[in-house]
Every structure is written in structure tokens, then in C-alpha cells.
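Subject: Structure for your review

Dear colleague,

Please find below the structure that I am handing over to you. I would be grateful if you could read the notes after it with the model open.

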Amino acid sequence: MTQQKLQDGLGRRIEYLRISVTDRCDFRCVYCMAEDMTFLPRQQILSLEEIERLARLFVAQGVRKIRLTGGEPLVRRGVVDLCARISALPGLHELVMTTNGSQLTKLARPLAEAGVKRLNISLDSLNPERFRSITRTGELQQVLDGVEAAREAGFERVKLNTVVLKGRNHDEVQALAAYVLERGLDITFIEEMPLGEVGRDRGEAYCSSDEVRAVLAEQYRLIESAENSGGPARYLRVDGYPDSRIGFISPHSHNFCDTCNRVRLTTEGRLLLCLGHENALDMRALVRRYPDRDEPVRDALERALQYKPARHEFSVGGDVQVLRFMNATGG
């Protein structure tokens, strides 16, 4: 059966869906959520069956890549079986996941066997005390062991994600790069996104991708690359390290909205048309209103996409622009 194609009102093809399977997490990272969090009651979040149904609907409409996120997706019971069902959908090019790595020593291999092709692991410091400070609850060695388990599990690629913050970890850019290059992994350095009130001025910690690149260039010869992983990252190669890529996600300094190909499904079933705006479609209400009919759900989706914003309006300082936390958005 020929897949349909989703397209927004500006003609951008929607081929990438990020799904937050839970807002819960065993970490409390300072850029993601407040230290004292109240999580959603179970009846407000999508069931695994609803997530699978929506994944199937999107793939039938031309989505080629699905990323499962959280919170921490691996604390959701049944997520490995969900991965196996989604990865088997006809027409899906790849299923990938973002995780904090805390559960990978036991789940890396089952995830690979369930059809997850690539894994992104959040890692913001190689210093145990600093890692604890950033995550508030995390143990560095547990995550490093998880990285090693992922390397051995058979994924097509394993990548680290690092949110760079001045005063917290910006001085570890070279050390983190050396860590991945020595192991044949990838890394993406990310500018912090202003989502949720986290109790501090985000502008003071802002570190641009250009600054990170300049620091890396002091240590390595960087080679421009036109590679694309299907998301917003821009990649470089490093001379002498053919197995690794260094990426940058730069929502402030190098806006990528003109090529945006993605939408996000929150853990409570809101389809966010743009990370930087609150306009959304209530997919949970639709699938529960039409448990046996996809057509009205699909029609509502196609109408909503016509209002996908042209761009986000993130700024470095000032008031929080979007009140929802990243853990409910899908990190």
C-alpha cells in the first residue's frame, strides 16, 4: 500500500515523529525540570496501545522515523515490547530512542533485539560530583556502564547528547569529545532550550554552538560534513577518527526551522506542532472518541498541520517563553 504524505501549511514534509512515552524520570536534570516535580496521573497519559495506534497512523501517512523519549522512556513498564511492535510497522525506516542511560546495563540488548536502530544517551559531565549536581540524583558510573552496554548491544550507532552550560560543564567539551572519539561513538552538543521555569536565569549559562566549535578546533582538525540523521543536528567529522561524528543542535544561534520535518507527541497525547509554541492537537481525545476509526483522527491531523508555525521564537534571556517542562515535551 502506498504511503500518504503529511505536509504542513508551508510545504514542509513531516517525516519524523517524537513520542514521549512517560513524563517520569529517575533523574532531575537542571535544564529539564524542577527539583520537586509532580507527575501526571496514569489516566492522563497515553496507554501503550494508544501510542502504538498513533505510531501506526503516522507511519501510514509517511512518517519514516520515530524517536521514543521521556522523561526517561526506560522507566515505562512494557516499553521494550512497544519498541518491537513499532519497529515492525511497514514503511518505518527507523525507530530510535533517547535515554539517560541509567537502565541500559539490563535493557540495551533487549532494545537492540526489539528493533531500535540508534540510541542517544544524555551525558553532560564525566566528573561524578558535577554529574550528580547537574542530574541532582544520577550516578555517573551507572550511565558509563550503560554506554558500554550500548556499545556491545549491536545498535547501528550510539550517540551522546550534551547540553552545554557555562559555569556547569562548558569546560568539559574537549574531554567529552575525546571520550567519544576514543570509543568510535558520536556526540551532539546542544544549546539549552528555554522550556519550563527551572529556578535560574538561563541566559547566564548560555553557550553557543560556535563557542563549542571553537574550543574543539583548538584540539582537533574539524572537517565539514553534509551528513544528516533526519533531525536538526549539523555534523562535523574529525580528522583521524573516521568512526565518529560531532553534531550541533543550535536553536538560538543557527535556527533550523525552515527545514523542520518533525512534530512531537507528549506523554498526555498533545501533538505539538512546534517545540517553541503551545498550539497543539489533542490526539488523546481523538483516539478515545474514535477507538475504531482512524479517518477522523487523520483528518484532524491534516487540518492541524496547516497551522504549524513558521519558526520558534526562543531567546536567550528574559522570561520563560514556554511553561511546560522538557520531560513532558519529549526531550
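The notes below go from the whole chain to individual elements and residues.

The model is predicted. Its mean pLDDT is 88, and 86% of the residues reach 70 or more. In residues 320-324, however, the pLDDT falls below 50, although this stretch has 26 contacts in the model beyond near neighbours in sequence. Where pLDDT is low, the predicted coordinates should not be read in detail.

Overall architecture

The protein chain contains eleven helices and 14 strands. Of its 331 residues, 56% are buried. Among contacts with a separation of 6 or more, 74% are between residues 24 or more positions apart. The chain exposes about 14300 Å², of which carbon and sulfur atoms supply 46%.

The nonpolar core

The largest nonpolar core has 95 residues, and the members that touch the most others are Phe 58, Ile 66, Ile 86, Phe 189 and Leu 271. In soluble globular proteins, nonpolar side chains tend to be buried together.

Helix 3

In helix 3, residues 104-113, the buried positions are Leu 104, Leu 107, Ala 108 and Leu 111. These residues lie on the same side of helix 3 because they cover an arc of only 125° around the axis. An α-helix has 3.6 residues a turn, so residues three or four places apart point the same way. The buried residues of helix 3 pack against helix 2 (79-87), strand 5 (94-99), strand 6 (116-122) and helix 5 (140-153). Thr 105, Lys 106 and Glu 113 are exposed on the face turned away from the buried side. After helix 3 comes Gly 115, with a positive phi near 105°.

Two buried aspartates

Asp 23 is located in the loop between strand 3 (16-20) and helix 1 (48-60). Its relative accessibility is 3%, so Asp 23 counts as buried. A polar atom of the Asp 23 side chain lies 2.9 Å from the backbone nitrogen of Leu 40.

Asp 186 belongs to strand 8, residues 186-190, and is buried, with a relative accessible area of 2%. A polar atom of its side chain lies 2.8 Å from the backbone nitrogen of Arg 245. Setting aside neighbours within four places in sequence, the residues in contact with Asp 186 include Arg 157, Val 158, Lys 159, Leu 160, Asp 243 and Ser 244.

Pro 242

Pro 242 is part of strand 11, residues 241-249. At 65% relative accessibility, Pro 242 counts as exposed.

Backbone geometry

The peptide bond between Gly 70 and Gly 71 is cis, with omega of about 5°, and Gly 71 is in the loop between strand 4 (65-69) and helix 2. Arg 136 is not a glycine, yet its phi is positive, at about 70°. This residue is in the loop between helix 4 (128-135) and helix 5, and Arg 136 is partly exposed, with a relative accessible area of 22%.

With kind regards

Note on methods. Residues numbered from 1 in each chain as written. Predicted model: local features only at pLDDT ≥ 70, side-chain atom pairs only at ≥ 80, totals over all residues. Heavy atoms only, no water. Helix = DSSP H or I, 4+ residues; strand = E, 2+ residues; numbered from the N terminus. Buried < 20%, exposed > 50% of the residue type's maximum accessible area, 1.4 Å probe, protein only. Contact = heavy atoms within 4.5 Å. Areas by Shrake-Rupley, 256 points an atom, 1.4 Å probe, with all protein chains shown as cover. Arc of directions from axis to C-beta. Polar contact = N/O pair within 3.5 Å; in protein donor to acceptor, adjacent residues only side chain to side chain. Core = buried A, V, L, I, M, F, W, Y, C linked by side-chain atoms within 4.5 Å. pLDDT = per-residue confidence, 0-100.
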